[in-house]
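These are my notebook entries on one chain. I set down what I looked up, entry by entry.

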Amino acid sequence: MRLTPWTFLYFAAAVQAALLALALWRRPANREANRLLAVWVALTGMDLAVKALYWHLLSPEWFRAYRFVALFPFLYGSLFYLYVRALTRGSGFRPRDTVHLAGFAVMLVLNAYVLTMDEAGLQAMSARWLAGERSIGAWFDLPLFLYGLSYVIAGLRRLHGYRRQLRQRRSDADRLSLRWIDAMAVFQIAIWCLAIVQALVYLPVFNYGLLFGLVAAWVCMVGLFSLGQPPVQAEPAISGAPAAPEVDGGGSPSTDTSRYAEVEARLAQLMDGDAPLYLEPALTIGQVARRSGYPEYLVSAVINRRLGGSFWDYVNRLRVEAVRERLADPTETRTILDLAYACGFTSKSTFNAAFKRQVDETPSGYRRRHVTAGAPADPLSSGGARRR
């Protein structure tokens, strides 16, 4: 038996992974996504624990389990993609998602000879492995890299699309852009690259100890980011359809229709005056509902059915109109970005996209044309300014 520093690190990381998986499974925020992540972290912890036991005991009986968990990385790329999809769409694992486990299933069949090998053959293979014969199992390192990398790329592409839609719709896009997923992807790619180097060229530094040490560090990184992640709400353009409003307090769509006018009037009151509510950065519909005194589902219904578009369409429309009014004022000396921030935007890209979509002109072009002409724009014009 031997207890190396690496082995101790793997045991510690396996315990942390078990505790983290339990915390993620019970976490109410991003429930479906966090349950997928909990499964992923639990599999990683099992992987580390089995490797630590085998290297500590050096027992051929554990070599079978060692070879089994060596196939788990064929699940990690798939789980990354499913995790990103769950965050951006709000949907968990479905029966048809078993197709994403095909890589693991294929490799399990191809390695069945090891899992069903008799004790004598298992002892011989374990001895060859401990003697440093790198050919055992090395043949699936490259397929693993390509297979896993394809899922990581697919997940990052979905994340990129989500961020693009987010910048177009929300003023707090930077806060909700899921930056921790980039770190997760980089860690996975680094681990796989190290595995490829270790399989192709023997270097004393790039050994299995360092490789699974990175896996242990990955568990710590996931714990740091995942338990502090804010609730993520799927955007309608990503999820495919807007969520049905949740009835709160015993109301129903038929009985609440008569209250639309009073809710609309209350919203107009909140969004007008000397300190309109839309000027607050990172404003949420929950905050608006609390200030209005009406249930959130009712405020959402009024915005969708009577004011046009989603909550973010409504708020950004008011903010763009406020910026337009200031840009057309020849006495206004603040920069365009300062004006955007003053009117509630917190992201330059979100502001530019919202302004261009609503006005059909860039903010700088709009200011230049109106200030040069000396004619203030009508902030309530429906068509917006058009390029000449």
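I looked up the UniProt record, an unreviewed entry, which lists "transmembrane region" for residues 6-25, 37-56, 68-86, 98-116, 136-159, 180-202 and 208-227. UniProt positions are in the numbering used here, feature names are shortened, and annotations may be inferred rather than shown by experiment. The model I compared with the record is predicted: local features need pLDDT of at least 70, side-chain atom pairs count only at pLDDT 80 or more, and totals for chains, interfaces and linings use all residues. Residues are numbered from 1 along each chain as its sequence is written, and side-chain values use heavy atoms, with hydrogens and water left out.

I then checked two of the listed spans. Residues 37-56 are 100% helix and 0% strand, with end C-alpha atoms 28 Å apart. Residues 98-116 are 68% helix and 0% strand, and their end C-alpha atoms lie 25 Å apart. Helices (H or I, at least four residues) and strands (E, at least two) are DSSP runs, numbered from the N terminus.

I found 19 helices and zero strands in the protein chain. Of its 388 residues, 46% count as buried; buried means under 20% relative accessible area, exposed over 50%, and partly exposed in between (1.4 Å probe, protein chains only). The chain exposes about 18,800 Å², of which carbon and sulfur atoms supply 61%. These areas come from the Shrake-Rupley method with a 1.4 Å probe; for residues, only the protein chains shown count as cover. Among contacts (heavy atoms within 4.5 Å) between residues at least 6 apart in sequence, 73% join residues at least 24 apart.

I located Pro73 in helix α4 (residues 73-89). Pro73 counts as buried because its relative accessibility is 15%. Leaving aside neighbours within four places in sequence, Pro73 is in contact with Asp47, Leu144 and Trp192. Pro73 and Gly103 are 30 residues apart in sequence, and their C-alpha atoms are 9.8 Å apart in space.

How many salt bridges does the rule give? With a side-chain nitrogen of Lys or Arg required within 4 Å of a carboxyl oxygen of Asp or Glu, the count comes to ten. One of them joins Glu264 and Arg306, with the closest N and O atoms 3.0 Å apart. This pair links distant parts of the chain, 42 residues apart: Glu264 lies in helix α13 (residues 260-270) and Arg306 in helix α15 (residues 296-308). Glu264 is partly exposed at 25% relative accessibility, and Arg306 is partly exposed at 41%.

I also noted a salt bridge between Glu361 and Arg369 at 2.9 Å, N to O. Salt bridges that share partners join Arg85, Arg94 and Asp97 into one network.

Glu321 and Arg324 form a salt bridge at 3.3 Å, N to O. Both lie in helix α16 (residues 311-327), three residues apart, about one turn of the helix. An α-helix has 3.6 residues a turn, so residues three or four places apart point the same way. Glu321 is buried at 16% relative accessible area, and Arg324 is buried at 3%.

Why is α16 described as largely enclosed by the rest of the structure? Twelve of its 17 residues are buried, including Trp312, Asn316 and Leu327. I checked its length last: the expected span, 1.5 Å times one less than the number of residues, is 24 Å for α16, and its end C-alpha atoms are 24 Å apart, which agrees.
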